[in-house]
Amino acid sequence: YRDIVFNLDIPSEGYIVVAGTHKAVSFDLLCQRFGEDRCVGFDLYNPSNHKCVRTKDCMELCEEDDMPIAFAHNDVGSLSHTPDVKIHAQKWLTKNIVSGGYVMGNNNLNRAKFKFEEYMNENGFVNTHFENLPDDKFNISHFSTQRIEGYMVSKRQ
């Protein structure tokens, strides 16, 4: 998050949301940076008992959960083992992103062969692969090749 999210021009209005917080270690960095009142995490479990994490199956994210989102990270499940939840979360997050807001997640290089890039474009986003992030603003040289090649940041226009 320090190397990418903290360098994005995230809108001042809207929540910072992570689908798939796990132990909330990284999620807590967002809470420290943007404030706990602005951050919401979703996961099946909350082993760290983080007060900003809502215990919820991300397959059940629906209209009653809708909120304006300035930044979202789709980190739920895996495209190898649980592609349905990953894709459902992507769709829910995407529809809730405010103008100028971002979604960070997988690109088309994924095991489920879901066309994330086309999906985001069709919903008014411009995608930037991690490997195309400008070096003068984003230092990702220490990221694994798999992470650099398989992920992107999408900005709603």
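In this predicted model, the buried residues of helix H1 are covered by elements that include strand E1, strand E2 (39–43) and strand E3 (53–55). Those buried residues of H1 are Phe27, Leu29, Leu30, Cys31 and Phe34, and just after the helix Gly35 takes a positive phi of about 95°.

**Nonpolar cores**

- The largest nonpolar core has 29 residues, of which Ile4, Val5, Ile10, Phe27, Leu30 and Phe130 touch the most other members.
- At least two residues of this core come from each of E1 (15–19), H1 (25–34), E4 (69–74), E5 (97–106) and E7 (151–156), and H1 gives the most, with five residues.
- Leaving aside neighbours within four places in sequence, Ile4 is in contact with Met104, Phe130, Leu133, Phe138, Ile140, Phe143 and Val153.
- Apart from this core lies another, of 24 residues, which includes Val40, Val85, Phe114 and Met120.

**Aromatic pairs**

- The structure holds six aromatic pairs, one of which is the edge-to-face pair of Phe6 and Phe34, at 6.2 Å centre to centre with 75° between the planes.
- This pair links distant parts of the chain, since Phe6 lies in the segment before E1 and Phe34 in helix H1, 28 residues apart.
- Phe6 counts as buried because its relative accessibility is 15%, under the 20% cut-off, and Phe34 is buried as well, with a relative accessible area of 19%.
- Phe42 and Trp92 also form an edge-to-face pair, at 5.7 Å centre to centre with 85° between the planes; Phe42 lies in strand E2 and Trp92 in helix H2 (residues 83–96), so the pair ties together parts that are 50 residues apart in sequence.
- Both Phe42 and Trp92 are buried.

**Charges over rings**

- Arg33 lies over the face of Phe6, at 4.5 Å from the ring centre.
- The charged end of Arg147 sits over the ring of Tyr151, 4.7 Å from its centre.

Technical notes
Residues numbered from 1 in each chain as written. Predicted model: local features only at pLDDT ≥ 70, side-chain atom pairs only at ≥ 80, totals over all residues. Heavy atoms only, no water. Core = buried A, V, L, I, M, F, W, Y, C linked by side-chain atoms within 4.5 Å. Buried < 20%, exposed > 50% of the residue type's maximum accessible area, 1.4 Å probe, protein only. Helix = DSSP H or I, 4+ residues; strand = E, 2+ residues; numbered from the N terminus. Contact = heavy atoms within 4.5 Å. Phe/Tyr/Trp six-rings, centres within 6.5 Å; stacked < 30°, edge-to-face > 60°. Lys NZ or Arg CZ within 6 Å of the ring centre and 35° of its normal.
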